[in-house]
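Have the model open while you read.

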Amino acid sequence: MSKKIQLYSLATPNGQKVSVALHELGLDFDTHVIDIRKGDQFTDEFKKINPNSKIPALVDPDGPGGKELALFESGAILLYLAEKTGKLLPADPAANWETVSWLMFQMGGVGPMFGQFGHFTKYAPEKVPYAINRYTTEAKRLLGVLEARLTGRQYIMGDDYTIADIATFPWVVCLSAFYNADEALGLADFKAVQAWVNRCMERPASKVSVFGAYNCWVIASCDAGGGAMCKEVALSAYDNADEALGLADFKAVQAWVDRCMERPASKAGMHVAPFPAS
Ligand SMILES: N[C@@H](CCC(=O)N[C@@H](CS)C(=O)NCC(=O)O)C(=O)O
């Protein structure tokens, strides 16, 4: 195989994050279009790289120790590329971790919630007022969090452009460009967010990757988000979804949840402050 990084992706917001970072870092890479509309993500070949059948995924033939490394989850890929190159993450440890917090804010909040917003407002065959209201409210709230953070700052971390910006701005672009949500979310009111998106988009790497090679489009219901174990536990404990999802049939998942939950730290951590059913 070539020594170049191999990117398996499509120009959805999650895919764009990785293309933007690769261009920003000046890394050489080959692209493999995984057309999720055609089901490319479910092939055995792709599942060897991402068992979760989602884009983006990446193979670095020159990973740690010079060995090949396959990665999935855009947040993990961004962290890996930043660490590999020593760029796009602040060197100062406290600032580094603050950046990781904002990265996770995107991974667990902005991505999944904006994705659900897009699904229910644009793609769902049936209009569900409860869901539209729920995700519109949450998308607006998240935009408000970003607005507060970006007021008086050039980028999420101040003067430094980091993987937190790269993870987040494609999703804000998507709200307007693909979900046509300017009015529904009152996007123009988020002035600091708009100015920041423009700054991010003005960067040459963004221009190439976001409006570059492929047609950009967004699939419904992109993200799951959240810690995997907590999510599985919540499905059963809070959503009472055992029957609806046939949870008992996922035997390996159930055995793993039990093993995780048996650990003293999990017992303490899960029961100290259970989140209210919403
Ligand atoms: N948390 C994942 C989300 C990846 C994701 O949801 N990708 C979507 C495109 S935006 C996908 O591949 N969907 C295909 C499918 O659900 O079958 C990440 O950030 O990498």
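## H6 against H8

Helix H6 (residues 163-177) and helix H8 (residues 191-202) have axes that come within 10 Å and cross at roughly 110 degrees. Axes here are lines fitted to C-alpha atoms, over the stretch in contact for helices, with angles running from 0 to 180 degrees between N-to-C directions. H6 and H8 are therefore roughly perpendicular (65 to 115 degrees) to each other.

On the H6 side, the contact uses Asp 165, Phe 169, Val 172 and Val 173, and H8 brings Val 193, Val 197, Cys 200 and Met 201; contact means C-beta atoms, placed from the backbone, within 7 Å. By class that's seven nonpolar, no polar and one charged residues, with Asp, Glu, Lys and Arg counted as charged, Ala, Val, Leu, Ile, Met, Phe, Trp, Tyr, Cys and Pro as nonpolar, and the others, Gly among them, as polar.

## H1 against H3

The axes of helix H1 (residues 13-25) and helix H3 (residues 74-85) come within 9 Å and cross at roughly 10 degrees. H1 and H3 are therefore roughly parallel (under 35 degrees) to each other.

From H1, Asn 14, Lys 17, Val 18, Ala 21, Leu 22 and Leu 25 meet Ser 74, Ile 77, Leu 78, Leu 81 and Thr 85 of H3. Those residues split into seven nonpolar, three polar and one charged.

## The kink in H4

H4 has a kink of about 35 degrees, centred on Gln 106; the bend is the angle between axes fitted to the seven residues ending at a residue and the seven starting there.

## Ground rules

This is a predicted model: local features need pLDDT of at least 70, side-chain atom pairs count only at pLDDT 80 or more, and totals for chains, interfaces and linings use all residues. Residues are numbered from 1 along each chain as its sequence is written. Helices are DSSP runs (H or I, at least four residues), numbered from the N terminus.

Key: Helix = DSSP H or I, 4+ residues; strand = E, 2+ residues; numbered from the N terminus. Parallel < 35°, antiparallel > 145°, perpendicular 65-115°, else oblique. Contact = placed C-beta atoms within 7 Å.
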